[in-house]
Amino acid sequence: MSLTGARDRLLSLPSVELGTLPTSIDFAWRLRDAIGMGARLVVKRDDALPFGFGGNKVRKLTLVAAEARDQGCDTLITCGGVQSNHARATASAAARLGMACHIVANGKKPEKFTGNALLNSLLGAHVTYVAERTDRIPGMEAIAASLRAGGKKPYIVPLGASTPLGAMGFARGIGELVYQGIVPDVIVSASSSGGTQAGLIAGCALFEVPTRVIGISADDPVDEIRKVVTTIGSGMEDQLGLAHGTLGVADRFEADDRFFGEGYGIPTDASREAQRLAASTEALFTDHWYTAKALSALIAYARAGRFKDGETVMFWHTGGQVGLFA
Ligand SMILES: Cc1ncc(COP(=O)(O)O)c(C=O)c1O
């Protein structure tokens, strides 16, 4: 398959409409001045996707939920933490498509529902609480088996919708940038289950743009992220009819695990500073699980002179603002 053929295949994948694309690209002049960087700073506003409080999972779900619909499924099952943005986005997609939703959440049932947990309950999702992350996959399989036994047709959406199909949503996102006429030199974004990063890197190869994509880890060491990102990349090549290695995901992979501090969701001094600067200069809201930490990395790179004057640096805002109300 040629790259052109693969691009055509990518763009013709069945999808459901969840909110309006493209998302805007905002120039963040005031934030750039506050950071003191010479490069141009732009923000891809997936946080402002007008569906179910937005965020990066919406792009993935446009394709994954379409597959569920086309297989005649009536229920989406997924997993995550109690405050998972992905689980809320999946419950939103299920509601929009008239499907039921089951979430397997690791953690304790909150005494008072806040943030994403509150939204999940309003969306009508059924939540099963399990003790450990390792209980999530068996938990989803058990729910699927019992729904099947009752005559239902469930579809399991894996963690973060980070499947090759879900990542295609981000490969399409690079096509969106080309269409919008702003192709940055560097993209910085949060990375965890790998689908966003794999999709962005694959998209750069598919749309033949030289942009570097730097994933800022929310919780895992770089080598683990590399493993999941490259596995998703190979799966994308399979689905697009390309030979392994064509998209160069392993070669173009760049990630940084020095910014999550003491752990997932625990603020650092730098993420606090990033959160305040983004809000007070641009009315951009970020969270301490993902986006404030990714932005703190971008700020640290700028201060260390890693971006050249005249370059365009894009902060791909992946959402997470609901976490401010958790
Ligand atoms: C707000 C936000 N940003 C970034 C990510 C990471 O994306 P991915 O799981 O595709 O690596 C997540 C994942 O849950 C998220 O909720």
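(Helices are DSSP runs of H or I with at least four residues, and strands are runs of E with at least two, numbered from the N terminus.) A pocket here is an open set of points on a 1 Å grid over the protein atoms alone, where a 1.4 Å probe fits, with protein on both sides within 12 Å along at least five of seven lines; lining residues have an atom within 4 Å of a point.

You are viewing a predicted model, where local features need pLDDT of at least 70, side-chain atom pairs count only at pLDDT 80 or more, and totals for chains, interfaces and linings use all residues. Residues are numbered from 1 along each chain as its sequence is written, and side-chain values use heavy atoms, leaving out hydrogens and water.

Next, select R136, L159, S192, S193 and Y290, which lie nearest the pocket's centre among its 48 lining residues.

Now show the ligand. Which space does the ligand take? The ligand takes the space of the largest pocket (more than half of a molecule's atoms must lie within 2 Å of the grid points).

- N85: a polar side-chain atom lies 2.9 Å from a ligand oxygen.
- Y290: a side-chain N or O atom is 3.2 Å from a ligand oxygen.
- T318: a side-chain N or O atom is 2.7 Å from a ligand nitrogen.

Terms used
A polar contact is a pair of N or O atoms within 3.5 Å; within protein, one must be able to donate a hydrogen and the other to accept it, and residues adjacent in sequence count only if both atoms are side-chain atoms.
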